Structures are given as C-alpha cells and as structure tokens.
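Let's take a walk through this protein together. Keep the viewer open, and turn the model as we go.

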Amino acid sequence: MLPFKLPTNTTSISRETSEQQEHIPFLPQKEEVAFIETRSKNTSLLWKTSLSFHLVLISLYTAISITVILSFHTPVSEKNPNALPSLSSKQIRLQYPLMQESLFVGSPSPEVDAAWHNLLSNMSIRVTASELAQQSLTSVSLPRGGQLAWLGVFHELHCIKILRQANYRDYYHPEAAGQVLRDLQLHADHCIELSRATAMCRPDLKSLTTFVWRTELENPLLSPDRPVRKCLDWDALMDSIHERVVSDEEIHAMNNPID
C-alpha cells in the first residue's frame, strides 16, 4: 500500500498550471506598453521618411524629364531671344512721330531718299558660320571673311522702302514695262506678304487705336492721340552692330562662284 494518494484529476492540475503561466508577462506591464508605443512611433516615422524620400525622387525625375523634353522642342527663337548675342535690347519710351514730322514719307525728294539711304546703311552685316549654324542657316561668303546676313528688321524696312517706291512708280520706275514691271510687282507682293506675316507674328497688343468725329464727315477718323510706347532703342542697336557692318565696296567686290 502506497504511503500517499495520487491526485485523481491530473488534467485539471495541468490546465491551472498553464493558465498561471500565461498570465506571467515577459516584461513588467508598464515597460511593455512603453515598448509597444515606441515601436509604433518608430514605424510611423520610418514610413513617413520613406514616403517623403520617394515623393522627392519622383518630383526630381519629373523635373529632369520635362527639362529634357523641352530642350528638344523649344524653338531657337525662345532659347536665344536675339539672332546674335551682342545685339542691344535696350528699351526706351517714346511717341510715334506724326506723319508730317517723319523724314521717311511724302513726295519723292533728295531729303526723303537720303533718310531711307541712311536708315538702311547698316543693313549688310558679317556673321560667323557658327552663329548661322545655331539657327540651322548658311549664307554666302564675304571677300574679307565671314558670311553675309541681314537682321530681320532690315528685311522688313527694305520691303517698306520697296512699297513706298511702288507708290511713286512714275518717279522711281518711269520706264518699267513688260517683264521689268512684272518683276517689280512680284517684289512688291513679296513685301506685302512679309509685312502681313510680320505684323501677325509680332502683333502690337500693348496699345489701342481710337477714333474721333470731325465736322461734315460721315465716318469717324483715327484719333491723332499718340500713346507713349516702350520701344527698342534704335541708336543703341546700331551701335551694337557697328563692327559687323559690311561696306558697299566689299559688297560690290563679291563674285558669283557659280558663273
């Protein structure tokens, strides 16, 4: 006979022991809560840092991509506002002259012709092959080096002069007939089209033309009021191209290499 009696319900004892073990924490309760909160904060900070880094990276890649794309599609005129780097862009404020004050209009006279001659005296200029290449252009060579070119504004002024002379054809082209006359008309049409295209390409959107009534007239007339405008300083521009101007002597010395 055994000296003691074995427990009759071992299953109950094991369950109680297990439940007691489950209630024994690995850390004191306060430390466990602090640990969980710290881990949660660290996880949140890591997530925010990672998100911010990726957003910055995406923004950087987007900016670089847009810059590269625009570099291939931006017109030359936007990359380089002027055809040549040395051109003056100085601005001044002035009023357009009244017609009766202008040196460039009126019946043909030596004074008017001299004014146009002086205005266009700087038309032909010397440029380098690399300056032309920046605009994908080429030109004819000059006897003293470089290539011949006109600034666009001089082409426009040349055309205005042609149209003025067409207006006084009897004076400037009294004998024009046949093919000569047709060539003059073709030249004038070219100048009309260039003037139209230029006006629409660079329209004046900074001024308004107004009208007035005059006694005994059925329709209103253009107002003589002349607003002050912001214009290019023409004298400063001419000074900036002075060293490039090609003399009439050099122009006349050019020979056609094709002949």
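What percentage of the 259 residues of the protein count as buried? The figure is 18%. Bear in mind that we are looking at a predicted model. In its secondary structure, the protein has 10 helices and six strands. For a sense of how the chain is folded up, take the contacts between residues at least 6 apart in sequence: 70% of them join residues at least 24 apart.

In soluble globular proteins, nonpolar side chains tend to be buried together. The largest nonpolar core here has 17 residues, and the members that touch the most others are Leu 87, Ile 125, Val 127, Leu 151, Phe 154 and Ile 241. Several elements each supply at least two residues of this core: helix 4 (110-119), strand 2 (124-127), helix 6 (152-167) and helix 9 (234-241). Pick out Ile 125 and look around it. Leaving aside residues up to four places away in sequence, Ile 125 touches Leu 84, Leu 142, Gln 147, Leu 148, Ala 149, Leu 151, Ile 241, Arg 244, Val 245 and Val 246.

Now follow helix 6, which packs against several other helices in turn. Start with helix 4: the two pack at an angle of about 160°, and their axes are 11 Å apart. An angle over 145 degrees counts as roughly antiparallel, so helix 4 is roughly antiparallel to helix 6. Their crossing is left-handed. On the helix 4 side, the contact is made by Val 112, Asp 113, Trp 116 and Leu 119, while helix 6 brings Phe 154, Leu 157, Ile 160, Lys 161 and Arg 164. Sorted by class, this contact has six nonpolar and three charged residues, with no polar ones.

Next, turn to helix 8 (residues 178-201), whose axis comes within 9 Å of that of helix 6, with a crossing of roughly 130°. Helix 6 and helix 8 are therefore oblique to each other. This crossing, too, is left-handed. Here helix 6 uses His 155, Glu 156, His 158, Cys 159, Ile 162 and Leu 163, and these meet His 187, Ala 188, His 190, Cys 191, Ile 192, Leu 194, Ser 195 and Thr 198 in helix 8. What classes of residue make up the contact of helix 6 with helix 8? It has seven nonpolar, six polar and one charged.

The axes of helix 6 and helix 9 come within 13 Å and cross at roughly 120°, which makes helix 6 oblique to helix 9. Val 153, Phe 154 and Leu 157 of helix 6 make the contact with Trp 234, Met 238 and Ile 241 of helix 9. By class, the contact of helix 6 with helix 9 has six nonpolar residues and no polar or charged ones. Two of the residues in this contact, Phe 154 and Ile 241, are also among the core members that touch the most others.

Stay on helix 9 for a moment and find Asp 235. Is Asp 235 buried or exposed? Its relative accessible area is 56%, so Asp 235 is exposed. Asp 235 and Lys 90 are 145 residues apart in sequence, yet they sit 9.6 Å apart in space, C-alpha to C-alpha.

To finish, let's look at some backbone angles in the loops. Most residues other than glycine have a negative phi. Ser 136 has a positive one, near 55°. Ser 136 is found in the loop between helix 5 (129-133) and strand 3 (147-150), and with a relative accessible area of 68% it is exposed. Glu 216 also has a positive phi, near 70°. Where does Glu 216 lie? Look in the loop between strand 4 (211-212) and strand 5 (221-222). Glu 216 has 80% relative accessibility and so counts as exposed.

Key:
Residues are numbered from 1 along each chain as its sequence is written. Side-chain values use heavy atoms; hydrogens and water are left out. A nonpolar core is a set of buried Ala, Val, Leu, Ile, Met, Phe, Trp, Tyr and Cys residues joined through side-chain atoms within 4.5 Å. Buried means under 20% relative accessible area, exposed over 50%, partly exposed in between (1.4 Å probe, protein chains only). Helices (H or I, at least four residues) and strands (E, at least two) are DSSP runs, numbered from the N terminus. Contact means heavy atoms within 4.5 Å. Axes are lines fitted to C-alpha atoms, for helices over the stretch in contact, and angles run from 0 to 180 degrees between N-to-C directions. Angles under 35 degrees count as roughly parallel, over 145 as roughly antiparallel, 65 to 115 as roughly perpendicular and the rest as oblique. A crossing is left-handed if the near helix is turned anticlockwise from the far one by less than a right angle, and right-handed if clockwise. Ala, Val, Leu, Ile, Met, Phe, Trp, Tyr, Cys and Pro count as nonpolar, Asp, Glu, Lys and Arg as charged, and the others, Gly among them, as polar.
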